[in-house]
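Subject: A structure for you to look through

Hello,

Please find below the structure I promised to hand over, followed by some notes on what was found in it.

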Amino acid sequence: MTSTDAVRVPRRAIAVETRSQDETRALAECLAGVALAGDRIALVGPLGAGKTQFAKGFARGLGVDAVVNSPSFTLMAEYAGRLPLFHQDLYRLDGSAEALEGGLLDERQDEGVTLSEWAERLDRALDAERLEVRIRVLPDDSRSIELRAPSEHLERYLDAAARWRPEPAP
Ligand SMILES: Nc1ncnc2c1ncn2[C@@H]1O[C@H](COP(=O)(O)OP(=O)(O)OP(=O)(O)O)[C@@H](O)[C@H]1O
Ligand SMILES: [Mg+2]
């Protein structure tokens, strides 16, 4: 499979391959074009998979000017863009009680888009329905980025991913 192939896996899921951090950012930037208020996106994948790279590209697509890094000390950072962007890094999260006390579930998220790294550390019951972005590191160091939509409402991201093509190499 080449990186230009976008293969529909089962229904409501799609996998795209990216060959560099810039391609991952470009894919995420494109996906941000279909973002709507209230969207929640779980970024799943091991350390160094590319979750923060995805967040940086998504932020660019929302017109965020600030530099997006992992919010290591605050579980959540907020950025102003076309829609407010809430970027969470839950790696150090110690249970859902801490999430509630730490203001992780904020009603303002309904007006923006929430990207959560290590979202699997938050009890699913506390989280609204979300697009799952699962990043796998392939043996040649490229990334397989699989999007799973739990409902039709989030399938617009799958359609955007299916249309996306990497820039041809210079
Ligand atoms: N196709 C690719 N997509 C994204 N990152 C890539 C790709 N190929 C190589 N990389 C490299 O992988 C690293 C990804 O780092 P990043 O901080 O985004 O990971 P992360 O998933 O956020 O990790 P953590 O769980 O530690 O927060 C970067 O150093 C980046 O340059
Ligand atoms: Mg990260």
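How are α1 and α4 oriented to each other? They are oblique to each other, because angles under 35 degrees count as roughly parallel, over 145 as roughly antiparallel, 65 to 115 as roughly perpendicular, and the rest as oblique.

Before going further, please note that this is a predicted model, in which local features need pLDDT of at least 70 and side-chain atom pairs count only at pLDDT 80 or more, while totals for chains, interfaces and linings use all residues. Residues are numbered from 1 along each chain as its sequence is written, chains are lettered from A and ligands numbered from 1 in the order in which they are written, and side-chain values use heavy atoms, with hydrogens and water left out.

The protein has four helices and eight strands (DSSP runs numbered from the N terminus, H or I of at least four residues for helices and E of at least two for strands). From the N terminus on, the order of these elements is β-β-α-β-α-β-β-α-β-β-β-α.

To return to the two helices, α1 (residues 21-32) packs against α4 (residues 155-163) at an angle of about 135°, with the axes 9 Å apart (axes are lines fitted to C-alpha atoms, for helices over the stretch in contact, and angles run from 0 to 180 degrees between N-to-C directions). Leu27, Cys30 and Leu31 of α1 meet Tyr157, Ala160 and Ala161 of α4 in this contact (heavy atoms within 4.5 Å).

Of the 170 residues in the protein, 49% are buried (under 20% relative accessible area, with exposed over 50% and partly exposed in between, using a 1.4 Å probe and protein chains only). Helix α2 is mostly covered, since nine of its 11 residues are buried, and what covers these buried residues includes α1, β3 (40-44), β5 (85-89), β6, β7 (131-137) and α4.

The magnesium ion (ligand 2) is coordinated by Thr52 through OG1 and by Glu117 through OE, at 2.0 to 2.2 Å (donors are N, O and S atoms within 2.8 Å of the metal, or 3.2 Å for Na, K and Ca, and sites may look incomplete because water is not among the atoms). Thr52 lies in helix α2 (residues 51-61) and Glu117 in strand β6 (residues 113-117), so the pair ties together parts that are 65 residues apart in sequence. Thr52 is buried, with a relative accessible area of 18%, and Glu117 is also buried, at 3% relative accessibility.

With best wishes
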